[in-house]
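Please open the structure in a viewer and keep the sequence beside it.

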Amino acid sequence: MPNSIFDASPLRDEKAAYAYVEARIWPDGRVCPHCGVVDRSGSLKGKSTRIGVYKCYACRKPFTVKIGTIFEDSHVPMHLWLQAIVMMCGSKKGISSNQLHRTLGVTLRTAWHMSLRIRLAMDESGSGPLGGPGKTLESDETFIGYKDDGPTWEFHSGRGWRKKPAWGDRNAVLTLVEREGRARSIKLDSMKAVDVRAAVLSNADTKSDLKPTS
């Protein structure tokens, strides 16, 4: 049988988890978050020293890869953070704080804070337009929800059976996907061409090659 993704060493071992994060945050060398000096630091190896602590030889201050990230000021082990990220990114219908709490063995409050930080890190609404010269964007529109006269469900209220009200107005949503890159969904006022065009122009680089999804 193929190994589970949770068998990967960064998701099980704390040192491997730090090494994995450091390789992505510092691809060009270790950067001191206090003074910005690159590759002028060394690992602290005292018996009581935490994993991943370095000392900058320029400003003489200690630091870790957590500073300036969603992991900062968190006492949750790094490998549990990576497990939570994998679970949230790999779940088609999302992961609740209760499920993170039960699976990771952290408190419900901690699970809530972790999921909030991870979702904020995923938010690219303020990260500029998608695409650019030589890049291809695909677009598609859909509705989420039902119309006012949509389907209803029956349920037992304790006094007999009755109809459950239908969901409210359905929401129009446009999604832009950058091939081999980012994706973004935008709530629209309507599916009119003028609203779709405005959403595309405000979220896509005009030098991109725009294609509808097939």
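Which residues does Q83 touch, not counting residues up to four places away in sequence? Select Q83 and display its surroundings: the residues it touches are F6, L11 and L104, where contact means heavy atoms within 4.5 Å.

Before the next selection, please note that this is a predicted model, in which local features need pLDDT of at least 70 and side-chain atom pairs count only at pLDDT 80 or more, while totals for chains, interfaces and linings use all residues. Residues are numbered from 1 along each chain as its sequence is written, and side-chain values use heavy atoms, with hydrogens and water left out.

**The whole chain**

Select the chain and colour it by secondary structure. There are 5 helices and 9 strands; these are DSSP runs numbered from the N terminus, with H or I over at least four residues for helices and E over at least two for strands. Read from the N terminus, the order of elements is α-β-β-β-α-α-α-β-β-β-β-β-α-β.

Now display the surface. The accessible surface comes to about 14500 Å², and 51% of it belongs to carbon and sulfur atoms; the areas come from the Shrake-Rupley method with a 1.4 Å probe, and for residues only the protein chains shown count as cover. Of the 214 residues, 30% count as buried. Buried means under 20% relative accessible area, exposed means over 50%, and partly exposed lies in between (1.4 Å probe, protein chains only). Among contacts between residues at least 6 apart in sequence, 53% join residues at least 24 apart.

**Helix α2**

Return to Q83, which lies in helix α2. Q83 counts as buried because its relative accessible area is 15%. Next select V86, also placed in helix α2, residues 78–90. V86 has a relative accessible area of 26% and is therefore partly exposed. Leaving out residues up to four places away in sequence, V86 touches I5, F6 and L11. Draw a distance between the C-alpha atoms of V86 and F6: the two are 80 residues apart in sequence and 8.6 Å apart in space.

**Helix α4**

Select S115 in helix α4, residues 108–122. Is this residue buried or exposed? S115 is buried, because its relative accessible area is 1%. Its side chain makes a polar contact of 3.3 Å with the side chain of S97. A polar contact is a pair of N or O atoms within 3.5 Å; within protein, one must be able to donate a hydrogen and the other to accept it, and residues adjacent in sequence count only if both atoms are side-chain atoms. Apart from its neighbours within four places in sequence, S115 is in contact with M88, S97 and L100.

Then select W112, also in helix α4. W112 is partly exposed, because its relative accessibility is 45%.

**The aromatic rings**

Finally, display the aromatic side chains. How many aromatic pairs does a search of the whole structure find? The search finds 4. Rings of Phe, Tyr and Trp (its six-membered ring) pair if their centres lie within 6.5 Å; planes under 30 degrees apart count as stacked, over 60 as edge-to-face and the rest as tilted. Select W26 and F63, an edge-to-face pair with 5.9 Å from centre to centre and 80° between the planes. This pair links distant parts of the chain, 37 residues apart: W26 is in the loop between α1 (14–25) and β1 (41–43), and F63 is in strand β3 (residues 62–63). Both W26 and F63 are buried.
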